Amino acid sequence: MLDISDLSVVIRRPGRQVAALSNVSFAVAPGEVVGLVGESGGGKSMVARAIVGMLPPGSRASGRVGFDGADVLRMDDAALAAHRGRGAAICFQNPRGALSPTRTAGRQLIDRLVTHQQMGAEQAATAAKDLFAAVGIRNPGQRLRAYPHELSGGMAQRVMISLATGCAPGLLIADEPTTGLDVTLSREILRQFRHAADTDGRGVLLISHDLASIAEVCDRVVVLYAGTVVESGPAAKVLRDPAHPYTRALLRSVPDVGGGKVTATAGGMPLLTDPPHDCPFAPRCAHATGECRTTRPPVKAMADGWSLACYHPQHDPLLCLPAGAGEGGFPAGAPESASPVGRAKRADEVVLRADESASPVSRAKRADEVVLRVEDAHVVYRSRFGSGGHHALRGVSLELSKGETLGVVGESGCGKSTLAKLIMGLVEPTQGTVAVGGKDVRRLSRAERTRAQMVFQDPIGSLSPRRTIKDSIAEPLRAAKVSTTQRAQRVERALDRMELDRSILDRLPHELSGGQAQRIGIARALVGEPDLIVFDEPTSALDVTVQAQILDVIADVANDAGHGSVFISHDLATVRGFADRVVVLYLGRVVEEGPVGEVFDHPRHPYTRALLGSAPRLGGARTADVTLVKDLDEADAAAGCALAARCPFVTDACRSQEQTLQPYGESRAACWRVPEIPALIGKSATHD
Amino acid sequence: MRVLRFVGRRLLQLVPVLLGVVVLTFLLVRVLPGDPIRSILGPNATEADAQAARERFGLDQSLGKQFLDYLRGLVTGDFGTSIQSGAPVRDEMALRIGPTFELVVIAVTIAVLLAIWLGLWSARRADRAGDHTVRVFALVGNSIPEFWLGLVLILVGYAVLGWFPAPSGRVDPDTDLTPITGADLVDAILTANGPAFASAAAHLVLPVLTLVIGVLAPLLRSVRASALEVLRSEAYAAASAHGLPERTLLRGYLRRAALVRLPSLAALVFGTAIGSTVLVEYVFSWQGFGQWALRGLLYRDYPVVQASVLVFALCYVLVFLVADVVHAMLDPRVRI
Amino acid sequence: MAEVQLAPITVGGRDGRFARALIVVGTTILVVAALAAVFAPLLSTWGPTEIDPSGTLARPGGEHLLGTDANGMDVWSRVLHAGRIDLGIAVCAVALAVVAGTILGLLAGYLGGWIDDVLMRIVDIFQAFPTFILALAVAALLGDGFGNLVITIALVNAPAYARLVRAEVRTLREMPYIDAAKTSGASTVGILWRHLLPNSLTPVRVIAPLNCGWAMLTLAGLSFLGLGITVPTAEWGSMISLGTSDVVAGRWWTSVPPGLALLVCVLGFSLLGEGLQERADARRR
Amino acid sequence: AGSKSGPKSGASAGPAASTLRIAVSSYLSSWDQDFVGFDLTALMMFKNVYPYMIDYGVTTAGDSQILDTQNITPTFAESFEPDASQQVWTLKLRKGVKFASGNEMKADDVKWSKDRAFAAAANVAGIYRTIGLTKPEQVVVKDDYTVEFHQEFPSALTRQIQAISLYVFDSVEAKKHATAADPWAKEWFAKNAPTGGYFNVAKATQGQEIELSANTGYPGPDPAKTPTIRISVVPAAANQRLQLQAGDIDIALGITGQDLQDLKKADGIKVLSAASNDQVAIQMSVTTAPFDDVNVRKALAYAVPYEQIIKNVYGGDARPTKSIVPLDMPGYSEAGYPYTYDLDKAKAALAAAGKPSVSSELVFEAGNDEQQKIAVQVQSEAAKAGITLKLAPLDPATLGERRTKKSIPLQITTGQLWVNDVEYMLATSFVKGAALNYSNYTNPEIEDIYTKSHTTVDDAARKQLWARVQEILAADVPWAIICQPNFNLPVRENVSGWVQPMDGLARLRYLSATA
Ligand SMILES: Nc1ncnc2c1ncn2[C@@H]1O[C@H](COP(=O)(O)OP(=O)(O)OP(=O)(O)O)[C@@H](O)[C@H]1O
Ligand SMILES: Nc1ncnc2c1ncn2[C@@H]1O[C@H](COP(=O)(O)OP(=O)(O)OP(=O)(O)O)[C@@H](O)[C@H]1O
Ligand SMILES: [Mg+2]
Ligand SMILES: [Mg+2]
């Protein structure tokens, strides 16, 4: 159906030129799900735009985008109008942004139905309701009248899918449909696409930067790097035994709940101004030879439609794949690779070196030096008008000692950032206390405030746009009244530790890449030698390979015995690497807490089980032993167990009784049914 | 319901503002140099005569007492008596607000509609000759002082071409229009007076045109910029990527989304237009609210100044309130 | 391999070439006007308030490039010299408004709460006050002249800046870098001065030129009402109003040249502002 | 031409037009002549819509007709004569005079009207003081058609003063609108006129237009010639001019300066011109530095460019004057003002004052083009003599206040004396405490002469006194007298009958136009 051959796109603008795509070829057949993966800027969206004939202004395209025999690039306006929507329909990357804000979701869907399926208004209205129901929107009649801003991210994505399918297209293109969604939700959304291919016989092109997450649903995978196809082939093949060094690097960058090792690849993707004449990955490639740097490797076809563009395909198995993967279930016992000692770095792929002072010994918990104590903290965000407010934290207690790293995980909106802000004194607890270094955060002096530092989720946004990098890093020192010369020295030392060039000091934040900016953020946190560092999702805004690099740096910093660390993430896998203890938050409550290995390998609480179960795992099926019903935003937590509304094992007792943390083995969980759960899981499995 | 609550809350917020305006005006006119009494007494008046006149208008009382009396009057809708004319300010004002309001409302409405139409047209042809021409012309219109533009329009439209009636008055008195609201078009409709309607409309053309030319540019710029933003937004791209027809795109995806920022700007423009009517009224012999207020100020006719500033302020804040409500209706994201 | 030139689907910009043209033309106009004003004494043979004893309303040409006005003063010289007053007042007034409005907006936006409420209500009060009444009040209280017109026009404009900056600050203060500054121990003044101020001025920079043009028109309007600069000081607005009836009589030279000068300068500011705005819009997209 | 129907130009002769259109610059502030403010428009309207018992006669000067202020004749009154003592004046009313309401004018109306004026304690009450009328009891109703005015002392000015003050309201109608709180029906008067003069108000559209119709209930001489007169408000002079040229109006009352000169050449329009007794002067405050020094006053008098002002401001349409006593006033003497434009003498005078340079503000009425132009011309020349003047246009309220406070060092005044007599001039302008004495001028000899003049009735003797007055004023220079501009009125060519009002208030009854 779709047959792209030798597609090149160059975007010309005065003063800059981007070779967005260079000689891209691949095909999608009806009923097939093809994954298009690669890092940000790799040209994935450009391919999608080319398929619907919507390249940005100033683009020059060559080659052919064949669709059902016609060439999209050469279609006239009438043919394009018919092709768009009916031929190929895109689900856009950012569903909230791609829905027109001033038109109800229903109207937008009806517009498509009327246009492409020649329905009358009434017929369209019923069809719209059905379509909404089909993509898993509960209460579709009401949602039809909702405006996009009233939808949650997951709901918006479902609406977007319904809009695309509402056009009844031959080919469904989904541009990063799961980015920004919770693990539990992404899984559900991806299933929708598989469903579209299987039941309606549509071709599906699934675009993602995250190999692991789409691994499960794709038939074939195409890997893009800097606008070139580096490897393509059957999903099972490419994801399990990738041959191209880039594909391998990509796969190794993804943290894995199983404790698979993350390996960083240095450097970033180049921004090409002309179609490359060499291998674009060569500068970052460990296997690159002179040949790679002078000529572009041709696409070599291998067996089963597997093809790759590399002079030096690799065939040894990917090191990081955990042994037990593929068999289902979690490996018993913490894998060796999860321990810090086991995290040996391969000289050829590693840029970051550990701080000399960090040694495993210093990570031992020193209970005598408690740097953070949160006791029964509640936070309520008051609304400006009217009564009520949002109860974001409901009685959280934590304790952290010097040298220790505490992981905090939970879904979006569960209160992770609120906890971070609470610790930093940026929000006032409505109840309970927070003490840093033994002192109530609200009574800290300016200088004492700098004893706790934070690394933010948005690396560029957390740097003041009009202050130089030097200024930003030195900010805590300024508050601590460090002299100017000393300040400069310490800033440079921190910078060195982040392996950044000194020339960066006089730049402004917008001139930095995300990875660089996050290193600056970490440098700022470190420069004052604080007692406590809070990392609030420090890598979630970054590209996969960059994420791996930053995780490396953070692991290094967390190893430091000089301070305690709190590491917050929505992604369990990233925590596994270096946390000593982990806390699972759900709707502002701690539902489970314990040593990292214990929580991951023997999850007790149904919520933790569900979370771990839906985490994407490369090369293996997930262990979906617990599936939560409903989206987070539909759950209400009035009384009783917070999870009651979504828990498959809920009883009346759960609904009425507040759950408190109970010790189960080494960890503690807030669920009275923990002992029964394994049996309950077995029961539901047999029912399936 | 939500809208009503919002309006209620905003109206409550207006109270301190209007009270502030009232206090400030009250003090300001009295701090200003100039004697409101002298000009009604004639040259031969003695200090005793002046004192008698002051007593008549209560100006011999202490400031606090005067203010309380004024406030008490305001609560009952009594704005006091004009020192210059001896008539109740309320009656005079009633005659003056109508015409000015009519002029400004018509002008701003036309300007807004024109700006919407031209702005969308311009945005869809962004960076082409037509777009540039429209924008530059709007800017030129925006750069001409209103009083000068008015005079030129009179010169051309009345003296040279003879298309429009003489710039004196707002409606031909021979049409025997009975004033009800003071807004001539409205009165003509209310009294079903056809000739008066025609005459009032003819008299309105040039002053409305003057105001429209003066305020079009910022509105146009706003509509065009918003429309461009929409046209270049992912949402619009998504809609057109799904092959929706041109008409649906324009009506459902462009127009409303492009107008969300317009109401507050239109309110601002309305505010400036009300302010600049004082010039337009002079040029077109309109005898509206602005001229009345200005004269009151020049003669320090305290009750007139107080009332006119209060009404100006009230118009201003109410128009902003309306704009906020319209904004909320246009933009579902706004929570009110 | 055939190369296909694609027609842009989304409306295309030629990357702000027009915006750049607007900025260049606007700036050129303003620079020329400013130079003409600065070097006015060198460019004219008559003084701006010098009366030609040989009579009034002389036609253009001869001794007077643009003739003389009803007072027998040289129009060309007055048009040039008026630039000093008009441009000067407009720029100073807007600068003052920006400073005052920004300070208010920063405080209101950052501190929030009742301070915000009180400050914004004060701003409301001033914004709701009619311009010419404020103008007359200031003139009557402080006397007339350059400085007081600057204050008047600044007073009229400051509320808008206060709102603009406040709105900006209210979004900016939620930015992570403000949290970062707080956790780095920055003081309130430090946050306001070092982080919020530089970042909240972006929209102000775009609005200010447009506002300068508007200030010039306001000044002209005030002069027309007799509330502006006192005669015989050369000022475009008062020159235009002195010459309005001359236009009717066919004596175009007394009011058309100052009218054009005013128009062109306001247009210069508008073009510059429009260009900046377009560029800012393009950045935002 | 305008698109509207209306009197059009063209036919030079023909039947009398039934409607005449007049443009004025502003709407009258109120119909109430006693209690509140009035402006020129208001005063003109009053003259035409309220019955004045006596008024000036008409005389011919050159080729124009002017009001004769020396000849005051009864109009609505049958007669107005003093008794032998000159202290009791008897007003006999014409019978059958009808107000607009149809009520007949009676003595009670006169009484009520004058009581009202006394109650207002404003304009008329102020003027009556000069002829010894201060209390309502001095106005006595004898019978339905007879009223007596009992003055406290005899006065030569009685006729003149009564000519401008003896107007009568329809008291029957007015009293209907009186309330306990408002016994004089002030509120009603503001919007309604109980008229009965030569014209009645047929319709008044606030701020825009007043339609007058001739009062058929007037049985006396010189009734109104045109049945309907429309007075429209057109503030912008340029607009008045355009409408006059287009034929949409017949008479433009708000055109000044250069426009007049232009209109003299325009088709279908004539500019009626007549000498006037309007005086343009700069009053110098003799009690305020630096003008408390007579030499500084002389310096300014020498620095004023008299000819240039006549040329530049009035287009040559003004008479230079050589005395502070107006031209045409009995007693005028050429020797009264020896100052001419001479910068050397100005500098010498300054030197004599021992000051090489002085500075002051020069106050004039804001919005008055003529005064503004004069100020500009004076400022420019005075600067050359070393007198720095800061121009200060003041709005009416501020001007009024500062004038009462007598705190203006230098101000331009324009205006005419309502009574064409030097005694009246002294009374209003040059004796201590006089209302128009903005110079704060006092001179014991002038005071003496003034007192003497009350009882001097002999013409020659008065002339002698006036000669002395002019000598003194010439030496003291409280005023720099600039000129007496001519009265000019642009009208359509078909307008006739215009009588030039020496008090500036048009008597519309004489006007007519051919259609
Ligand atoms: N409108 C445009 N003008 C100029 N260059 C563009 C434009 N859109 C994209 N590009 C460039 O084209 C290249 C490919 O972009 P594309 O959006 O396809 O990347 P992507 O793989 O979808 O990345 P992401 O994961 O961030 O969505 C990038 O280098 C980008 O900078
Ligand atoms: N300033 C605020 N005012 C009101 N509600 C807030 C505010 N900040 C956060 N919330 C609400 O509090 C809840 C917890 O927010 P928080 O930002 O802590 O979540 P999170 O776990 O960090 O989510 P994410 O993964 O999306 O960052 C959310 O429901 C959010 O909507
Ligand atoms: Mg993309
Ligand atoms: Mg968060």
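This is a predicted model: local features need pLDDT of at least 70, side-chain atom pairs count only at pLDDT 80 or more; totals for chains, interfaces and linings use all residues.

Two residues are in contact here when heavy atoms of one lie within 4.5 Å of heavy atoms of the other. Leaving aside residues up to four places away in sequence, A:Ile4 touches A:Val24, A:Ser25, A:Phe26, A:Val47, A:Ile51, A:Arg64 and A:Val65.

The size of an interface is often given as the accessible area lost when the parts come together. Chain B and chain C bury about 4700 Å² between them, and 75% of this area is on carbon and sulfur atoms. On the side of chain B, the residues that lose the most area to chain C are B:Phe147, B:Trp148 and B:Arg221, which together make up 14% of what that side buries. Counted by residues, the contact draws 55 from chain B and 50 from chain C.

Specific polar interactions also cross this interface, where four salt bridges are found along with five residue pairs in polar contact, both members of each pair being at pLDDT 80 or more. A salt bridge joins the side chains of B:Arg135 and C:Glu274, with a distance of 3.2 Å from N to O. Among the elements of chain B that give two or more residues to the side touching chain C are α1 (2–31), α5 (129–142), α6 (146–160) and α8 (194–231). The element that gives the most to this side is α1(B), with nine residues. Sorted by class, the side of chain B that touches chain C holds 35 nonpolar, 10 polar and 10 charged residues.

Chain C itself can now be taken as a whole. It contains 10 helices and one strand, and in sequence order these follow the pattern β-α-α-α-α-α-α-α-α-α-α. Along the principal axes, the C-alpha atoms of chain C fill a box of roughly 75 × 70 × 30 Å. Of its 285 residues, 62% count as buried, and the accessible surface of chain C comes to about 10400 Å², with 68% belonging to carbon and sulfur atoms. Among the contacts in chain C with a separation of 6 or more, 73% are between residues 24 or more positions apart.

Terms used: Residues are numbered from 1 along each chain as its sequence is written. Chains are lettered from A and ligands numbered from 1 in the order in which they are written. Side-chain values use heavy atoms; hydrogens and water are left out. Buried area is the accessible area (1.4 Å probe) that two parts lose on being put together, summed over both. A polar contact is a pair of N or O atoms within 3.5 Å; within protein, one must be able to donate a hydrogen and the other to accept it, and residues adjacent in sequence count only if both atoms are side-chain atoms. Helices (H or I, at least four residues) and strands (E, at least two) are DSSP runs, numbered from the N terminus. Ala, Val, Leu, Ile, Met, Phe, Trp, Tyr, Cys and Pro count as nonpolar, Asp, Glu, Lys and Arg as charged, and the others, Gly among them, as polar. Buried means under 20% relative accessible area, exposed over 50%, partly exposed in between (1.4 Å probe, protein chains only). Accessible areas come from the Shrake-Rupley method with a 1.4 Å probe; for residues, only the protein chains shown count as cover.
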